[in-house]
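Hello,

Here is the structure we talked about handing over. Please have a look at it first; my notes follow below.

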Amino acid sequence: MAQESPKNSAAEIPVTSNGQLEDSHEHSFNRDLKCSLPVGLGLSETKITSHSFDSTKEGVVEAGPFPSSSASPKSSVISPSSTAASRLAGQGCDLIIPTGVRAQQKSGPVVLADEVKNPAMEKLELVRKWSLNTYKCTRQIISEKLGRGSRTVDLELEAQIDILRDNKKKYENVLRLAQTLSTQLFQMVHTQRQLGDAFADLSLKSLELHEEFGYNADMQKLLAKNGETLLGAINFFIASVNTLVNKTIEDTLLTVKQYESARIEYDAYRTDLEELNLGPRDANTLPKIEQSQQLFQVHKEKYDKMRNDVSIKLKFLEENKVKVLHNQLVLFHNAIAAYFAGNQKQLEQTLKQFHIKLKTPGADAPSWLEEQ
């Protein structure tokens with residue numbers, strides 16, 4: 001008959017009447033559960049730290065009670081050769097770290113990275129703001145065209161803008177006519193040069209009309225030369241007026257367009273704020289009114305800035321326009337008068353006064369020697 005072993009709190013091995021182990025599922029589960037716990041310690045009172053899980057050396061388990069436990073606060077080191085571990089090992093149990101206990105690895109400090117912003121969410125927010133702003137501006141434009149909405153008007157500035165647009169149309173017409181005159185004059189000069197060459201050739205081949213053909217050849221060549229001089233003055237006039245119309249005035253009108261867009265946004269948010277102020281004031285509407293007030297202030301500052309920019313550009317444009325057109329109109333008048341009066345010296349003097357250099361006939365680009 002097998003000798004009865006003393007009871008142990010760490011493990012109990014039940015036997016049957018004939019001395020064989022009982023293989024029931026219930027006893028196997030109890031045995032595994034008891035073997036998984038250290039001797040004399042409950043799960044709620046145990047703190048287990050495991051070091052070097054991948055090491056080949058003998059494992060060390062530190063067990064110690066929590067501050068709320070009545071046991072000694074000092075930690076005791078239990079190796080597999082200790083009494084409790086030996087008792088468990090002798091009973092065929094494996095030392096298991098309870099899953100409810102947090103394991104502490106002795107590793108470096110863990111740094112939590114800042115939350116990375118999602119680019120897709122930022123783009124979605126930008127699209128939402130753009131859509132809301134576009135909706136408000138479109139509603140404001142439709143209301144103004146239907147005569148239902150009010151718009152902010154600066155009478156003095158609007159009058160200056162209207163005059164600028166009207167002048168731009170007139171300057172474009174003058175520029176178009178000057179280009180037509182230049183084209184026609186170029187054709188006439190080209191014809192006069194060809195006619196002079198023809199007269200010169202005939203003067204050499206017709207001895208009886210040598211002098212007559214020679215006079216006409218010299219006259220046509222002189223007219224062609226004066227025509228080229230006039231053509232240089234007209235082309236210089238065209239280039240200056242083209243710069244004034246298509247660059248200087250166009251740049252000012254671009255600022256005017258930005259000013260008008262800022263005015264529409266300002267009126268749209270102003271109308272939105274007025275509608276909110278006319279409605280009830282409660283806990284739900286007050287935050288909306290405050291947000292609308294902030295947006296209105298932002299667009300009001302933008303509108304004021306663009307209005308000042310337009311006023312400054314219009315002032316500078318007027319000064320520049322007067323200066324440029326004064327010089328170009330004097331050039332155009334003197335060149336035309338000298339050409340049709342047949343005053344070659346006065347025509348050349350006019351070009352020198354405005355520092356205009358004429359191109360050599362038949363030479364579109366300077367030679368390599370001239371470039372050096």
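This is a predicted model: local features need pLDDT of at least 70, side-chain atom pairs count only at pLDDT 80 or more; totals for chains, interfaces and linings use all residues.

**Aromatic pairs and the core**

What does Y303 pair with? The partner is Y259. Their ring centres are 5.7 Å apart and their planes meet at 25 degrees, so the pair is stacked. The cut-off for stacked is under 30 degrees. Y259 sits in helix α5 and Y303 in helix α6, so this pair ties together parts that are 44 residues apart in sequence. Y259 is buried as well, at 1% relative accessibility.

These two rings also belong to a group. Y259, Y266, F296 and Y303 make up one aromatic cluster.

Now the wider count. How many aromatic pairs does a search of the whole structure find? It finds 6. One of them joins F237 and F332. That pair is tilted, with 4.9 Å from centre to centre and 40 degrees between the planes. F237 lies in helix α5, which spans residues 210-278, and F332 lies in helix α6, which spans residues 285-341. The pair therefore ties together parts that are 95 residues apart in sequence. F332 is partly exposed, at 25%. The limit for buried is under 20%.

Next, the largest nonpolar core. It holds 41 residues. Which of them touch the most other members? They are I161, I249, Y259 and V310. So Y259 turns up again, here as a core residue. The largest share comes from α5, with 17 residues.

V310 is worth a look on screen. Leaving aside neighbours within four places in sequence, V310 is in contact with L157, I161, T255, V256 and Y259. Two of those names, I161 and Y259, are also on the list of core residues that touch the most other members.

Last, a loop. Where is V153? It is in the loop between α3 (119-145) and α4. V153 is partly exposed, with a relative accessible area of 40%. V153 and R263 are 110 residues apart in sequence, yet their C-alpha atoms are 8.9 Å apart in space.

That is the handover. Start with Y259: it is in the stacked pair, in the aromatic cluster and in the largest nonpolar core.

Best wishes

Conventions: Residues are numbered from 1 along each chain as its sequence is written. Side-chain values use heavy atoms; hydrogens and water are left out. Rings of Phe, Tyr and Trp (its six-membered ring) pair if their centres lie within 6.5 Å; planes under 30 degrees apart count as stacked, over 60 as edge-to-face and the rest as tilted. Helices (H or I, at least four residues) and strands (E, at least two) are DSSP runs, numbered from the N terminus. Buried means under 20% relative accessible area, exposed over 50%, partly exposed in between (1.4 Å probe, protein chains only). A nonpolar core is a set of buried Ala, Val, Leu, Ile, Met, Phe, Trp, Tyr and Cys residues joined through side-chain atoms within 4.5 Å. Contact means heavy atoms within 4.5 Å.
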